[in-house]
Amino acid sequence: MDRITPWPGPMGRPPPDIPATSRGGDDRLFAALDLGTNNCRLMIAAQTAGGFRVVDSYSRMVRLGEGLQRTGQLSPDAMARTLDALQACADRLERKPVHALRAVATEACRRASNGETFLHRVREQTGVEIDIISGREEASLAVESCANLLHDPRFGQPRSRALLFDIGGGSTEIAWVRTDSGRKTESLIGYLSLPVGVITLSEQFGPVHALDDQVYRRMVAHTRELLRDFESVHRIGSEIRREQARLIGTSGTVTTLASLILNLPRYARAAVDGSLLPASSARLAVRTLQKMGFAGIERHGCIGPDRAPFVLPGCAIFEAIHDMWPIEDIIVADRGLRDGMILRMIRKEGMPAAPRRSVRPALLRRGISFQHSMQATGS
């Protein structure tokens, strides 16, 4: 169950005075914090008549789940990095008149034997109270964040089903969703919290800088095998053959692939969120990344050295998903748990909330030559 709390300030300090113009109405601020296996993310948003607008955001790669695959525990170094990031979040929260805060932790804290102990330490040191959520809740929040994309007429005729995936650091969440475009509603049919993420996969299969094609294919095969039971239960393939299923990806993996296809020199959310990515182009982008090698991936302006170790493991998970469920196009969403939490908090306040709209149409359908983009990106 959601635990939405007023933000009292770090260590119980009183919140800053809220100007009269910010009490209630469209200026009310909500904050959402997502502590994942790889990243710590904060969003502060103002409630508006149409939903919300982002006032402040923060993201830092903390690698909280580093070594978890081997030891079953959060390491001292990983906890120290994460505490630094969470203190930065608490400082940002203290500077804003935040009405309510929802803070959640996902797979690393779910799996680690010292996860609860660490979050108690976080509360003592920063004043931020973080709940560990289930895989089902994680999938449900991802669906909520992408709701308007599921019903977007830009993507063709309405379909009755959608398959959403979110490739994280320690797990991959997959949601099988029933959609009604006439009523603009969606409901979760089933979900899978796959114990495979970009950190866990890279640790399981060895150093990423030495990843060859044979090891990469083993990553894909290992992940694909874990999907078979979900397909057996839900018969998603039959809906795909009837052309009744959409595929939507919310992870950094698919946004990176879209960036390559768009030939962006630097990552730009406005160009990527809400794009329609042809699956054949995504596969070709993966092959291009493999040809680049680790050094080339590090140098790419949309990736960089911090994220480089996790790109090919993420691609392996994506290819396993698409091998199992070969839908022609992928809707790309640069949004996630924070968006879903903000929308839920606004809804609980009794005000209708529309998800953030993508500010660009489906750019990948606008006659962009994928081959030209790849040549310009280089290897």
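Reply: Leu29 stands opposite Val98 in S4. The two strands concerned, S1 and S4, pair in the parallel sense over seven bridges; two strands are said to pair if DSSP finds at least two bridges between them. Helices (H or I, at least four residues) and strands (E, at least two) are DSSP runs, numbered from the N terminus. This is a predicted model, in which local features need pLDDT of at least 70 and side-chain atom pairs count only at pLDDT 80 or more, while totals for chains, interfaces and linings use all residues. Residues are numbered from 1 along each chain as its sequence is written, and side-chain values use heavy atoms, with hydrogens and water left out.

The sheet is open and holds five strands in the order S3-S2-S1-S4-S5, with mixed pairing. At its edges are strand S3 (51–61) and strand S5 (131–132), each of which pairs on one side only. Strand S4 (residues 98–105) is joined to S5 in the parallel sense over two bridges, and Val104 has Asp131 as its bridge partner in S5. S4 is mostly covered, as seven of its eight residues are buried; buried means under 20% relative accessible area, exposed over 50%, and partly exposed in between (1.4 Å probe, protein chains only). In a regular strand the side chains alternate between the two faces of the sheet.

Helix H14 (residues 337–348) packs on this sheet and touches strand S1 (29–35), strand S2 (39–48), S3 and S4. The direction of H14 makes about 145 degrees with that of S1. Axes here are lines fitted to C-alpha atoms, for helices over the stretch in contact, and angles run from 0 to 180 degrees between N-to-C directions. Contact means heavy atoms within 4.5 Å.

H14 also meets another helix. The axes of helix H5 (residues 135–145) and H14 come within 7 Å and cross at roughly 80 degrees. H5 and H14 are therefore roughly perpendicular to each other; angles under 35 degrees count as roughly parallel, over 145 as roughly antiparallel, 65 to 115 as roughly perpendicular and the rest as oblique. On the H5 side the contact is made by Glu137, Glu138, Ser140, Leu141, Ala142, Glu144 and Ser145, and on the H14 side by Leu337, Asp339, Gly340, Met341, Leu343, Arg344 and Arg347. These residues of the contact of H5 with H14 divide into five nonpolar, three polar and six charged. In this division Ala, Val, Leu, Ile, Met, Phe, Trp, Tyr, Cys and Pro count as nonpolar, Asp, Glu, Lys and Arg as charged, and the others, Gly among them, as polar.

Gly340 has its place in helix H14 and is buried, with a relative accessible area of 0%. Not counting residues up to four places away in sequence, Gly340 touches Leu141, Glu144 and Ser145. Gly340 and Ser145 are 195 residues apart along the chain, yet their C-alpha atoms are separated by 4.3 Å.

A second residue, Glu107, lies in helix H3 (residues 107–111). Glu107 is buried, with a relative accessible area of 10%. Leaving aside neighbours within four places in sequence, Glu107 is in contact with Thr37, Gly170, Ser171 and Ser193.

Elsewhere, helix H7 (residues 198–205) and helix H13 (residues 308–324) have axes that come within 9 Å and cross at roughly 100 degrees. Val198, Ile199, Leu201 and Ser202 of H7 make this contact with Phe310, Pro313, Gly314, Ala316 and Ile317 of H13. The residues of the contact of H7 with H13 divide into seven nonpolar, two polar and no charged.

Helix H10 (residues 252–262) has 10 of its 11 residues buried, so it is largely enclosed by the rest of the structure. H10 is followed by Asn263, whose phi is positive, near 60 degrees.

As for the whole, the protein has 15 helices and 11 strands. Of its 379 residues, 56% count as buried. Among contacts between residues at least 6 apart in sequence, 74% join residues at least 24 apart.
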